[in-house]
Amino acid sequence: MQTRPKILVIGGGFGGLSAVRALRAAAADILLIDRCNHHTFQPLLYQVATAGLAAPSIAAPLRHILRSQRNVTVLLAEVLRIDLEGRSVEAGGVSYPYDFLIVATGSTHAYFGHEEWARCAPGLKTLDDGLRIRARILTAFERAEATADPIEQKDWLTFLIIGAGATGVELAGTLAEIARHTLKREFRHIDPASARILLIEAGARVLPSFPASLSANAERQLERLGVSVRTGHAVTGIDELGVCLGEERISARTVLWAAGVAASPLGASLGVDLDRAGRVRVTAELAVPGIRRSSSLVIWRRYPAARCRRSRRPQSRWGSTRRRPFSRSAPAGRCARFAIGASALLPPSAAWGRSSTSAGFVSPGLLPGGSGSRLTFTF
C-alpha cells in the first residue's frame, strides 16, 4: 500500500503560505509549522508601527486561512534543527519526518556585526516589532510633553531612521505626517510639528533598488513632508541617547533600524555554503552544493500565465494549470506552474503514482541575488 508523501513547510509568511495553498490539490499530507499562529501582511507593518492601523488589520490566523484545506495541519512551534540525512525536523522537542521540506523562514535584521545596537535601534519585521515601535514613538511625544527641560524635550522629539530602503522611507514619511497632522493640537506644552525626522542612508541615494529618477522623486517628497534626508553617512555608533555618524553626534531618544536584512539563522544550521548575508548558495542549476541528490531543488516564482506556451489548457489567474503537480491524475507532458516564492531543501525526490516529481521552493531570504527565476516544470 502506497502512503501519501509528507510535505513539511516551515514558516507561515508569504512564501510558506503560498506554497501550502498552491498544493491544495496535492495527494499529500502537509504540515505547516510556524512560531506564530498568524500570517502578517508585512508591507503594511509600518502602518501598525506608526499607529495608522490596528494589528488585526494586517494579521489573520493561519488556521482560519487554511480551514477549508483538508490536507493541511497547522502547528504552533519553533523549529530548532533540521536533520537532512534523517529527513526530519525538530520542533518543540518533537521530531517530525518529511519527504519534502519547504523552508520559508524569511529574513531577520542585519546590524553588520553590531548586534548590541538592536537594543537601542529596533527593526521592523514582525507584528510584535510593530507594536513595540508604536509604543516607542507615542511614548516619545508623551515624554516630551512631560519634561520642562528644552534640551531633553528636543531629544525626545528627534526621530532618527537608519536605512533609506522601502521600510525606512515609509517610516520617515508616515512619522512626518503624524507629527504635522495627526497629533496637531493634541498636546498643551509641545508642538508635535516641531518634531525632527531624520532619515540616514550610507549609500548615495534613497531607495537604492529603484531607478535613480524614482529615488530623486521620493527624496523630494520626503523633504516636502519635513523629513531631513542625509545620504552618504554611515552609522558608527548607537546608544540610548543618540547616534554617531563618524565624528558627528546626533542626540535622539528614538532610533529605528531599517538598514539591512539577513537570512533566517535556520539556514546556517544546514551545514552548507552561505554568502555574507547568510543566504544559501546555489549552483546555476539552482541546486544546493553538498546536499545529497540536491538536483531536485528548483526555483518557482510567480509570473504571468501567458508565458506558458507548451500548454494550451486554460490557465488560472495565478498562472497554474487547472490540474496541479503532485496530483496522481495530472497528465504527463503538461506545463505546470505555481505562484510561489518560498524556499525549500529537498533531499530525495519521490515517485507518486504515474507522475515522478522532484520539486522545491527557494525564497529571496535564503538565496543570494533576488527572488529566483522563472521556470517551466514538466512531468
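Predicted model: local features only at pLDDT ≥ 70, side-chain atom pairs only at ≥ 80, totals over all residues.
Local features require pLDDT of at least 70 and side-chain atom pairs count only at pLDDT 80 or more, while totals for chains, interfaces and linings use all residues. Residues are numbered from 1 along each chain as its sequence is written, and side-chain values use heavy atoms, with hydrogens and water left out.

A search of the whole structure returns nine salt bridges. Here a salt bridge is a side-chain nitrogen of Lys or Arg within 4 Å of a carboxyl oxygen of Asp or Glu. Strands are DSSP runs (E, at least two residues), numbered from the N terminus.

One of the nine joins Arg4 to Asp29. Their closest N and O atoms are 3.0 Å apart. The pair links distant parts of the chain, 25 residues apart. Arg4 sits in the segment before β1 (6-10), and Asp29 belongs to strand β2 (residues 29-34). Arg4 is partly exposed, at 34% relative accessible area; Asp29 is also partly exposed, at 38%. Partly exposed lies between buried (under 20%) and exposed (over 50%), with a 1.4 Å probe and protein chains only.

A salt bridge also forms between Glu78 and Arg35, with 3.5 Å between the closest N and O atoms. Glu78 lies in the loop between β5 (72-76) and β6 (79-83), and Arg35 in the loop between β2 and β3 (38-40), so the pair ties together parts 43 residues apart in sequence. Glu78 is partly exposed at 43% relative accessibility. Arg35 is exposed, at 60%.

Arg230 and Glu248 meet through their side chains in a salt bridge of 2.8 Å, N to O. Arg230 lies in strand β13 (residues 227-231) and Glu248 in strand β16 (residues 248-251), so this pair ties together parts 18 residues apart in sequence. Glu248 is partly exposed, with a relative accessible area of 31%.

Note on methods:
Helix = DSSP H or I, 4+ residues; strand = E, 2+ residues; numbered from the N terminus.
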